[in-house]
Amino acid sequence: ILFEGAQGILLDVDHGTYPFVTSSNTVAASAAIGTGCGPNTINYVLGITKSYTTRVGEGPFPTELKDAIGKLLGSKGKEFGTVTSRKRRCGWFDAILVRQTIKISGINGIALTKLDVLDELDEIKICIKYELNGKKIDYLPASSEDQLKIKPIYKTFPGWKCPTNGIKNIELLPDNAKKYIFAIEDFIEAKVCSISTSPERKDTILIENPFDL
């Protein structure tokens, strides 16, 4: 049996970027509460995240790009809210947010989507720390006031500048794309189990099958 969450973990009413959240719990544990299954019946939690970061609506977004790159990610990634059709805000991959949500939700592995959206970029950045009031931190602060003040600290990677669209084998990816994926794994402290390289379902690199574990 597969349980599917409808919203991102940072919209969780308890663990998200309050008050810019939804009205319920969206962490993986809520699947057990909502269905009546005991928590010990869930044997694998698959987290889904894009190769960059997006947000719909207001709220803190440390890595948001309000420049041409942000517009490119939005147009190429077709970033519009599935329910509201609102334009999503786009930014660099925030490894701090992803790592924190992995720990909160007990995520075992990650499905990394929209890798092909990054194909045209000369360089790509990953947020690896924040700066808050002159100090470096490696977590999202609890208070909304601090969340709005943090500044991202990046590690920069060279782009691959060639198409990844439709690739179904990780060995066929450009070397710089593989380096980017492996760096994401290191920073978020979780394995990337699958990678999507186009909007088509068939264009998926399956590295580790959750149903076989």
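Where does Ile1 lie relative to helix H1 (29-35)? I found Ile1 in the segment before H1; helices here are DSSP runs of H or I with at least four residues, strands are runs of E with at least two, and both are numbered from the N terminus.

**Ground rules.** I am reading a predicted model, where local features need pLDDT of at least 70, side-chain atom pairs count only at pLDDT 80 or more, and totals for chains, interfaces and linings use all residues. Residues are numbered from 1 along each chain as its sequence is written, and side-chain values use heavy atoms, with hydrogens and water left out.

**Ile1.** I looked up its accessibility next. At 95% relative accessibility, Ile1 counts as exposed; exposed means over 50% relative accessible area, buried under 20%, and partly exposed in between, with a 1.4 Å probe and protein chains only. I also checked Ile170, 169 residues along the chain from Ile1, and the two C-alpha atoms are separated by 28 Å.

**The core.** Of its 36 residues, Phe93, Leu173, Tyr180 and Ile188 touch the most other members. Elements giving two or more residues include helix H3 (95-105), strand S6 (123-132) and helix H5 (175-188). H5 gives the most, with 6 residues. I noted a second, separate core of 8 residues, with Cys127, Leu132, Ile137 and Ile150 among them.

**Helix H5.** I stayed with this helix for a while. H5 has 14 residues and reaches 20 Å from first C-alpha to last, close to the 20 Å expected at 1.5 Å a residue, where the expected span is 1.5 Å times one less than the number of residues. Its buried residues include Ala177, Tyr180, Ile184 and Ile188. Tyr180 touches Phe93, Phe157 and Trp160, among others, not counting residues up to four places away in sequence; contact means heavy atoms within 4.5 Å.

Which strands form the open sheet, and in what order? I read 4 strands in the order S1-S5-S9-S10, with mixed pairing; two strands pair if DSSP finds at least two bridges between them. Strand S1 (46-50) and strand S10 (204-206) stand at the edges with a single partner strand each, so one side of each is left without a neighbour in the sheet. S9 and S10 run antiparallel, joined by 3 bridges. One pairing I wrote down is Ser196 with Thr204 in S10.

Conventions: A nonpolar core is a set of buried Ala, Val, Leu, Ile, Met, Phe, Trp, Tyr and Cys residues joined through side-chain atoms within 4.5 Å.
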